[in-house]
Amino acid sequence: MDPSPLFKGFGQSTRLQQRVYDRIAQAVLAGQLKPGDRLPSTRELARSLGIGRNTVTWAFEQLAAEGFIETRHGSGTFVSSELRNHTRPRKLSPAVRPVKTAARLARRAERYATVAQSLRVPQKLVPFRINMPAIDAFPTVLWRRLINGLLSDDAIGGHALLGGVEPAGYAPLRQAIARYLIINRGVQCSADQVIIVAGAQQGLDLAVRLLLDPGDTAWCEDPGFPGSIAALRAGGARIGAVPVDRDGIDIEFGKARHPEARLAVVCPSSQFPLGSTMSLSRRLALIDWARRRDAWIIEDDYDSEFRYRGRPVHSLQGLDGGSRVVYVGTFSKLLFPGLRLAYLVVPKSVVEPFVNARIVAGRQSPTLEQAVVERFMSEGHLGRHIARMRRLYTKRRQLLLEACRDRMKDLLHIQPSDAGLQTIAWLPNDFDDQAVSRDAADAGLEIPPLSRLTIEHRLPPALLLGFGHLTETQIRSGAARLAAILKSHRHRGRR
Ligand SMILES: Cc1ncc(COP(=O)(O)O)c(C=O)c1O
């Protein structure tokens, strides 16, 4: 743990030595600092607290004498490893005790608590996580070269990249994205309509805040992406669940059941989670509905670059001409999800409100990372990366299909997705997909059940299997573990 927060509010006092001693001792006793945790050096700590080094040295000597800390020559000062079996929380001083407060949180906090749960992703990456690109194959050497090049580029002024940029984003990146989208996705836009955000999730959140008032209804694909549903719920919107079939969202159902809706959130190029592509007639019908109703459409185009079947489909935004579609794209799948860079393309008429909202939500995205992505695009690496990843994903997807066919032919029917980094696998009708998913988790696999992604329309049991990040060995061993689980459920189901 970083001990600096322990010293927050640490001012000048006549008994500074004692206070430094108390804070560290109590943090150790409370388990906030654990055996083996490194402490800052006396010099660093004195400097950051703005007190004399002798004061800190006295406190450290006292702590060492009492066995709280130990100095390992050449490597620093640590919380004593001998305490490993002894520390347990004791009565804490007011400085360390968690603050209990009578002040209440806004009701919004409760909404966040329920919706955010569906978006948490465990740290450890295991088979068959969905939405995860091949981070093992990302060109990190090239990435490092681009960062170094930018920081030492006098023409750009490496230091200038350490400052801020226009809240809508680094201008050269916005231009590169606009060019890319016009050519590759048939989006109709200019660079000033592109707004850089911290991930598609932030883009969805901002769009919901600006397009709807609390209590307004939005059509959501059912099953659908928990991230957009979470953004809608957090924003106080009412969810109008609309079923999805092979052609995409069922517009007639939406009109009949939720006629009051003012927004539709869709993934037309690659429906999440079913992986289907919205047909042209549905796209036209959706645009027609939005025009007649004066409603908005959010087009979540999160991973359409990786297509395996059929011709690449152009964006809905391009069909509409960009008047009522807010287009959301992300670098999370194209590059890597930890980058947290994505973009909105918004109608010209609402650029300013969106930029205003972006300023409030964190001012801007990191400048240096934006500049690196711009270089990656303008030097032609993105095109090559996409082509390379498409070949890799085609291979991994094929390996998954084969492994499932060889081991689970009667237990899993894979419906290969048209695009994306995962695929849907249907189970026999008498299986409980949530129970399978729980057993899979016990076996070290991460396999979301389809029933957890539905809102109100039930579908047959199915699993979602991600393949983007898995090596051949991981696919095979994961499939073997899943096969064993499904066999045990077969006997359960028919009992
Ligand atoms: C359908 C869909 N939309 C949006 C996102 C969010 O992407 P980001 O990582 O940019 O927030 C995801 C992420 O997995 C997704 O599956």
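The following conversation covers the nonpolar cores and salt bridges of a predicted model.

Trainee: Which rules apply to the model and its numbering?
Mentor: This is a predicted model, in which local features need pLDDT of at least 70, side-chain atom pairs count only at pLDDT 80 or more, and totals for chains, interfaces and linings use all residues. Residues are numbered from 1 along each chain as its sequence is written, and side-chain values use heavy atoms, with hydrogens and water left out.

Trainee: How many residues has the largest nonpolar core?
Mentor: The largest nonpolar core has 69 residues. Such a core is a set of buried Ala, Val, Leu, Ile, Met, Phe, Trp, Tyr and Cys residues joined through side-chain atoms within 4.5 Å. Buried means under 20% relative accessible area, exposed over 50%, and partly exposed in between (1.4 Å probe, protein chains only).

Trainee: And which helix gives the most to this core?
Mentor: Helix α15 (residues 381-408) does, with 11 residues; helices are DSSP runs of H or I, at least four residues, and strands are runs of E, at least two, numbered from the N terminus.

Trainee: Turning to salt bridges, how many are there?
Mentor: The count comes to 14, where a salt bridge is a side-chain nitrogen of Lys or Arg within 4 Å of a carboxyl oxygen of Asp or Glu. One of them joins Asp301 and Arg185, with the closest N and O atoms 2.8 Å apart. These two residues are 116 residues apart in the chain, and both are buried.

Trainee: What about Asp288 and Arg292, where do they lie?
Mentor: Both are in helix α10 (residues 280-293), four residues apart, and their side chains form a salt bridge at 2.9 Å, N to O. Asp288 is partly exposed at 32% relative accessible area, whereas Arg292 is exposed at 68%.
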